[in-house]
Amino acid sequence: MSEDMSRKNGTSENFHKSIFRVSGLHKASQQLQQSKDSRIDRLVQYLMMVLMFVAISALAISNTEASAKLGLPVERPVVVLDAGHGGVDPGKIGVNSALEKEVNLSIVMKLKEYLEANDVTVHLTRETDDGLYDETDSNKKVSDLSRRCELIEEIQPDIVVSIHQNSYSHSTVCGPQIFYYKTSEKGRELAETLQARLNAMPECLKQRVAKANGDYYLLLNVSCPIVIAETGFLSNWEEAQMLVTEEHQERLAWELCMGILEYLR
Ligand SMILES: [Zn+2]
């Protein structure tokens, strides 16, 4: 091997060594790059998550503001439904022997279902036949009414609808009627909205106007907007017969639900 050749070979060996060194370095640098890349990936992922969270929060805030601007309630509205009477107090007794307390509760349970299906939180003052008094109470009627008011004040709902049936000495008198506390503007608005709904029913036997009242215990002792819905006269034969049917109770509940939603919007 000539000197030149061996020099060449030496150069070639060195060249290969340096190639290996370079490729080793290259591998190390690749590994370093990979670990750097995965750190960057994790950082990018984290930043994306932060950005998404900020965007979702901003969207939620802007939705809330938009809802408030549109006059839509931001939270689920809360309604108390009060089925009048119960237990030893049957309320009015119909010409067909219907008991007011039973008709009231039946309409309340249907109305509750309709309202809940429309994202309204519903509380009931009673959901069984029992009144809200203790057996030992000397004046069960007063205890019952004051317990209802206490319950309502504890819940602090947006509105209260108390369901009752009417009665009169003349059997020809008929038609649903809504009562509100005489100085309550919101009570009047709710009462008129519900009255309009019930008046528009094809089954409505007589169209009436919502009426102000200053005597009813519940109207006097509840601070939030409250109405008493007397959904018919049990002293009128035709209306009393309608009031005990599932169909008419459903109809009344549906119209009251629509009226309540209209008021809440
Ligand atoms: Zn009653």
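User: In this predicted model, what unit do strand 4, helix 4 and strand 5 make?

Analyst: Start with the two strands. Strand 4 (residues 177–181) and strand 5 (residues 211–213) pair over three bridges, in the parallel sense. Phe179 stands opposite Lys211 in strand 5. Together with helix 4, the two strands make a right-handed β-α-β unit.

User: Does strand 4 run parallel or antiparallel to strand 6?

Analyst: Strand 6 covers residues 226–233. Its Val227 stands opposite Tyr180. Four bridges join strand 4 to strand 6, and the two run antiparallel.

User: Why is strand 4 described as largely enclosed by the rest of the structure?

Analyst: Look at both sides. Gln177, Phe179 and Tyr181 point one way, while Ile178 and Tyr180 point the other way. In a regular strand, side chains alternate between the two faces of the sheet. Strand 4 is largely enclosed because five of its five residues are buried.

User: At roughly what angle do the axes of helix 4 and helix 7 cross?

Analyst: The axes of helix 4 (residues 185–199) and helix 7 (residues 246–264) come within 9 Å. The crossing is right-handed. Residues making the contact include Leu190 and Leu194 of helix 4 and Leu256 and Met258 of helix 7. The axes cross at roughly 140°.

User: Is Ile163 buried or exposed?

Analyst: Ile163 lies in strand 3 (residues 159–166). Beyond its sequence neighbours within four places, Ile163 is in contact with residues including Leu81, Ile107 and Ala229. A residue needs 20 or more C-beta neighbours within 10 Å to count as buried. Ile163 has 25 inside 10 Å, so Ile163 counts as buried.

Notes
Residues are numbered from 1 along each chain as its sequence is written. This is a predicted model: local features need pLDDT of at least 70, side-chain atom pairs count only at pLDDT 80 or more; totals for chains, interfaces and linings use all residues. A residue is buried if 20 or more other C-beta atoms lie within 10 Å of its own, exposed if 12 or fewer, and partly exposed in between; C-beta atoms are placed from the backbone. Two residues are in contact if their C-beta atoms, placed from the backbone, lie within 7 Å. Axes are lines fitted to C-alpha atoms, for helices over the stretch in contact, and angles run from 0 to 180 degrees between N-to-C directions. A crossing is left-handed if the near helix is turned anticlockwise from the far one by less than a right angle, and right-handed if clockwise. Two strands pair if DSSP finds at least two bridges between them. A crossover is right-handed if, with the strands pointing away from the viewer, the path from the first strand over the helix to the second runs clockwise.
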